[in-house]
Amino acid sequence: FAQDAQGHYTQFSFTKGMDLGESFRYGRKVSDILAERIPITLLLNLITIPLIYVIAIVVGVKAATDRGGRFDVMSNVSMLALWSIPTMLAGVLMLGFFANTQYWQWFPTAGISSRAAQDMPFLPHIVNGQWVAGFLLDRIWHLVLPVICLSYAGFAGLAKLTRASVLENLQADYARTARAKGLAEDEVLWKHVFRNSLLPVITVSASLLPSLLGGSVVVESIFSINGMGQLAVDAVKGRDRELLLSITWISGVLTLIGYLIADFCYTLADPRVTYD
């Protein structure tokens, strides 16, 4: 409720206050359309972001500790090659080889689940001696190629950044002092060097979520996924002003959330950082 100048109370509706208008292309409320599409894009990003960080940290730390070795050289060449491949080209090649009947039809060509999966139970099971994949495995099977297409460039860049940061801190004075006190190399790496090496990675993570949303425009268009990216393409093609402005507004909000999460992670990685 809100109080006016005369002291009267009027009811305030949150959904009415957040009314984003009506889509010209679909003839529906923009808020209803976004409520259907946002969970799909968020699902892709919630799978992609942890995958990016796990691979980047493992590869980057291993390459830094094996500087000049075989793994370091091979990982540097591989990460540079992955970073150089455009997302659109990678998606088309994946569809052409891994989802094409002429080559290896290992994965589906479109969507995030099959029509038959809607009637399946959630977990895989056996019925009358026949294997039924279930809704969960069907969803994972459909998400393999889009997730790979979204994540490879991200972990390639972060792995190089992690390697450079770990190498810099391994040669720092505090690391040499810790070794002089008799600490094992693994203890120096994980208890002292690793936390300080996370600061540049956290800084880059603030822009990771918006970049993934931008990449989802290409990935969702290639794999025919009805998410925010595909919706943005349709809005531009149909000159749907309200829908396009709403998508831009949501992208801005998610960018602010990304920076807020990065500021919070600074305090976890470095105790010297405080927000009073």
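Two residues are in contact when heavy atoms of theirs lie within 4.5 Å. With that in mind, here's a look at this chain, which is a predicted model. Take the contacts in the chain with a separation of 6 or more: 68% of them come from residues 24 or more positions apart.

As for the fold, you'll find 10 helices and 4 strands. Walking along the sequence, the order goes β-β-α-α-α-α-β-β-α-α-α-α-α-α.

Now for the overall build. A compact globule of 276 residues would come out near 19 Å in radius of gyration, but this chain has 24 Å. Here are some whole-chain values side by side:

| Property of the chain | Value |
|---|---|
| Span of the C-alpha trace along its principal axes | about 70 × 70 × 40 Å |
| Residues that count as buried | 37% of 276 residues |

On the charge side, the chain carries 21 positive and 21 negative charges, and their mean positions sit 6 Å apart.

Let's zoom in on one residue, Asp240. You'll spot Asp240 in the loop between α9 (228-237) and α10 (241-269). Is Asp240 buried or exposed? Asp240 counts as buried because its relative accessibility is 0%, and the cut-off for buried is under 20%.

So who does Asp240 touch? Setting aside neighbours within four places in sequence, Asp240 is in contact with Ser23, Phe24, Arg25, Tyr26 and Ala235. With Ser23 there's also a polar contact, side chain to side chain, at 2.4 Å.

Methods. Residues numbered from 1 in each chain as written. Predicted model: local features only at pLDDT ≥ 70, side-chain atom pairs only at ≥ 80, totals over all residues. Heavy atoms only, no water. Helix = DSSP H or I, 4+ residues; strand = E, 2+ residues; numbered from the N terminus. Rg over C-alpha atoms; globule rule 2.2 N^0.38 Å. Buried < 20%, exposed > 50% of the residue type's maximum accessible area, 1.4 Å probe, protein only. Lys, Arg positive; Asp, Glu negative; His and termini not counted. Charge placed at Lys NZ, Arg CZ, Asp CG, Glu CD. Polar contact = N/O pair within 3.5 Å; in protein donor to acceptor, adjacent residues only side chain to side chain.
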